[in-house]
Amino acid sequence: MYDVNVSKAKEIMTSVDQQLLDQLSNLGKFIEYIRENISKLNTGTAKKTTVGVFGRTGAGKSSLINAILGEKDLLPSGTLCACTSVIIQIEANTTDSNYTAEIEFISKEEWDAELETLLNVLSEDGEEKDGALFNTANEKITALYGEDGVFLSVEDLKKDEHFTNIPEFLKSKIKKIVCEKASDLSDEIGCYIQHDDSRPGESYWPVVKTVTIKVPNCKDFLEHVVLVDLPGTGDYNKSRDQMWRMKLRDCSTVWIVSEINRAAADRDAWEIVSSSITDMAQGGECSSLSFICTKTDDLNPQKYMKASKLKDDDFHITPEDPQYGNKKKIACIMHRNGKAKEKVKKQFLQQDTIKKHFDCDDNFLSVFTVSSEEFTKEDPILNQEQTEIPALKDLLRKYNINHINETTHHYISGALGILSLIQGSKESDAKMMVERSKLYATLERDLHQALGHLHEYCHEIKSSLQALLAKGASESEEKGVETAKEVIMSSRHQTLTALCKNDGFFRAKKGVIDLNSSLARPMFQHINSEFSEFFPVQGKVTEKSLQAKIDQFTIITEDLLTKYENSPVLSHVLKFLKIEEMKLKKVLQQEIVEKKKKIYTSLYESIQKNMQPCYKDAAAIKGRGSMNKKKDMLRDHIESSKSEMFQEAKRNMVALLDRTLEFTVEKIRTGLMESIDVSLLNENTLPFMDIRKDIELLKMLSQE
């Protein structure tokens with residue numbers, strides 16, 4: 001229905017555009033303005049909904065996504081797991097029936113720099129050795145160079161001859177793979193996304209940043225949605241970690257995947273979310289979580305009933321029933337599913353970190369209990385609804401439909417606005433020009449007043465956050481510095497080196513270590529609550545938010561529309577301006593979300609920038625006693641620069657906030673003044689165009 005409506009609307013606007021083109025030589029600038037607005041309608045669409053997927057190795061993410069996609073053989077076993085740090089994106093292929101993969105590599109220069117670190121990790125011995133980092137370094141070297149790679153020198157490992165099978169890596173280009181079958185694509189991409197001990201020297205994942213997989217036949221639930229696997233652990237590569245955080249900040253929702261037999265007590269799953277919370281909330285746009293318990297069919301009925309003190313009578317089954325075995329297992333599965341959902345929701349209530357950063361209403365968390373195995377079996381004992389894979393597809397379908405609804409509304413309302421402008425350009429005699437001038441003066445005055453009120457509120461936001469930042473900066477000089485010192489002192493040598501190599505942020509297997517956040521924590525704690533009020537996530541507009549003030553902003557009031565309802569020309573002009581006002585506010589909504597991410601993360605980035613020279617110098621220290629030297633260097637730098645570091649972070653955030661608020665006011669002013677000018681000061685007329693039927697048809701489409 002929505003596709004049909006947009007298609008009809010586009011047919012109308014294409015016809016209007018052609019009529020305007022025929023008259024372009026006569027009415028140049030005015031027609032160019034209208035045609036440019038028609039062109040913008042076709043390009044101005046909302047960005048895709050990003051669904052982030054978290055889960056530990058073996059949680060069943062690959063099977064889950066295969067089942068949702070209806071593809072048994074697409075993602076190789078173990079693909080979406082923490083064993084590699086490759087980010088995987090899955091989207092719909094809406095252009096043809098092929099399965100495609102686009103592979104983005106890190107740069108050759110980055111890999112050359114990383115090699116030296118990896119070899120240093122492998123050379124460490126005794127107490128300074130970190131087992132997890134050692135294993136990761138060993139995996140990377142053997143994956144790319146084979147088992148003999150660990151014995152080669154840095155110079156030998158850097159030679160281009162090792163990468164003849166991936167020339168795109170050497171040229172910093174995207175590698176594209178196209179296959180007709182999902183299983184063929186799976187075979188082709190395996191070496192880029194998973195670790196294979198049986199094929200040393202033939203796995204390229206250590207130099208891969210992201211893999212984007214595009215799948216046909218899933219337009220109804222993935223056309224405007226992208227699934228992003230977010231690996232739980234990182235490595236020594238800064239660009240991969242930066243990409244990871246950027247993708248997380250784009251997530252509208254996050255799925256936490258865990259095996260059902262450990263879901264309620266899966267601290268790792270909640271820890272991944274909690275440690276990344278500011279990138280999801282104030283620094284991102286996440287508005288909901290889904291906890292997905294997998295492998296629900298993996299259950300022994302006898303053991304489960306004994307452990308749960310259940311009897312056949314509890315399930316209303318008897319051994320005489322020919323389907324007794326199946327019915328008992330189904331009953332146990334459904335019983336455990338219900339208990340698991342209760343336990344997960346209870347566990348969520350204990351996640352204080354998450355609740356501090358989000359407005360956790362009844363719709364914030366949803367829990368699913370799924371069986372990918374049963375969903376894909378030829379002779380399952382569970383029906384499809386009981387596997388809950390269809391419920392997850394419906395969730396994705398809902399995101400997709402919401403996007404389509406928004407895009408459809410945007411196009412049709414925008415088209416109506418353009419036709420109203422044309423219809424409002426039928427007369428420009430002396431009497432009408434006087435009326436236009438009066439309306440122009442009224443709107444100019446009202447715009448000035450309304451912008452004044454908005455500017456006052458922006459000043460309140462700035463003053464409030466500035467005061468909180470000042471308190472936070474003072475506290476960071478004391479508590480933040482002490483916390484940071486604790487992080488430094490408790491870090492092992494290789495972990496500390498990794499931290500310095502990654503500019504103070506490292507996603508280790510035991511969790512995230514973030515020295516910059518430790519330093520800035522008191523500042524964040526002081527502003528988080530107010531920042532969330534001023535810049536809430538999408539769909540959660542609060543009374544104090546900047547978005548609420550923008551939503552309330554209008555100069556095209558109902559009283560004004562009523563006053564001119566009997567003027568065929570000026571009522572159309574006002575309808576055009578009303579729609580332009582709405583479009584402008586909608587564009588601002590997403591722009592403000594993106595800008596608020598930058599404002600919030602600027603605090604962190606300022607600290608990181610101040611610390612960067614020290615990180616670089618500390619990372620370069622080698623030899624006997626290097627660990628203590630690194631620690632001393634970091635502590636000394638923090639101590640000597642703490643005052644200026646936090647004050648500068650405060651100034652940078654306030655400056656970015658100020659620019660965003662000024663940008664908001666100015667964008668509304670210039671956008672509306674341009675629309676007012678073109679619709680009321682223009683003396684050109686378009687009497688040759690009869691678009692009354694087109695307007696009525698668009699009105700009908702907008703109501704469907």
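This is a predicted model: local features need pLDDT of at least 70, side-chain atom pairs count only at pLDDT 80 or more; totals for chains, interfaces and linings use all residues.
In which helix does Asn5 lie? Asn5 is part of helix H1, which covers residues 2-22.

**Around Asn5**

Is Asn5 buried or exposed? Its relative accessible area is 2%, and since buried means under 20%, Asn5 counts as buried. Leaving aside residues up to four places away in sequence, Asn5 touches Thr408, Ile412, Leu701 and Glu704. His162, by contrast, is 157 residues from Asn5 along the chain, and the C-alpha atoms of the two are separated by 54 Å.

**Two helices side by side**

Two packed helices are described by the angle between their axes and the distance between the axes. Here, the pair to look at is helix H20 (residues 430-490) and helix H26 (residues 626-680), whose axes come within 9 Å and cross at roughly 170°. Angles over 145 degrees count as roughly antiparallel, so H20 and H26 are roughly antiparallel to each other. The contact of H20 with H26 has 30 nonpolar, 6 polar and 14 charged residues.

**Empty spaces inside**

Rolling a probe the size of a water molecule over the atoms shows where empty space is left. How many cavities of 30 Å³ or more does a search of the whole structure find? The search finds 2, and they are set out below.

| Cavity | Volume | Lining residues by class |
|---|---|---|
| Largest cavity | about 110 Å³ | 8 nonpolar, 3 polar, 1 charged |
| Second largest cavity | about 30 Å³ | 1 nonpolar, 2 polar, 4 charged |

The largest cavity is lined by 12 residues, and those nearest its centre are Pro536, Gln547, Gln589, Ile592 and Val593. Helix H23 (546-552) and helix H25 (568-620) each supply at least two residues of this lining, with H25 giving the largest share, 4 residues.

As for the second largest cavity, its lining consists of Glu259, Ile260, Asn261, Thr294, Lys295, Asp298 and Arg336.

**An open pocket**

Finally, have a look at the second largest pocket, which holds about 1100 Å³ of space. Its lining is made up of 45 residues, and Ser275, Val512, Asp514, Ser517 and Arg521 lie nearest the centre. Which helix gives the largest share of the lining of this second largest pocket? That is helix H22 (residues 515-534), with 8 residues. By class, the lining of the second largest pocket has 13 nonpolar, 19 polar and 13 charged residues.

Conventions
Residues are numbered from 1 along each chain as its sequence is written. Side-chain values use heavy atoms; hydrogens and water are left out. On a 1 Å grid over the protein atoms alone, a cavity is a set of points where a 1.4 Å probe fits but cannot get out, and a pocket is an open set with protein on both sides within 12 Å along at least five of seven lines; lining residues have an atom within 4 Å of a point. Grid points are joined across faces, edges and corners, and a volume is the space filled by probe spheres set on the points. Ala, Val, Leu, Ile, Met, Phe, Trp, Tyr, Cys and Pro count as nonpolar, Asp, Glu, Lys and Arg as charged, and the others, Gly among them, as polar. Buried means under 20% relative accessible area, exposed over 50%, partly exposed in between (1.4 Å probe, protein chains only). Contact means heavy atoms within 4.5 Å. Axes are lines fitted to C-alpha atoms, for helices over the stretch in contact, and angles run from 0 to 180 degrees between N-to-C directions. Angles under 35 degrees count as roughly parallel, over 145 as roughly antiparallel, 65 to 115 as roughly perpendicular and the rest as oblique.
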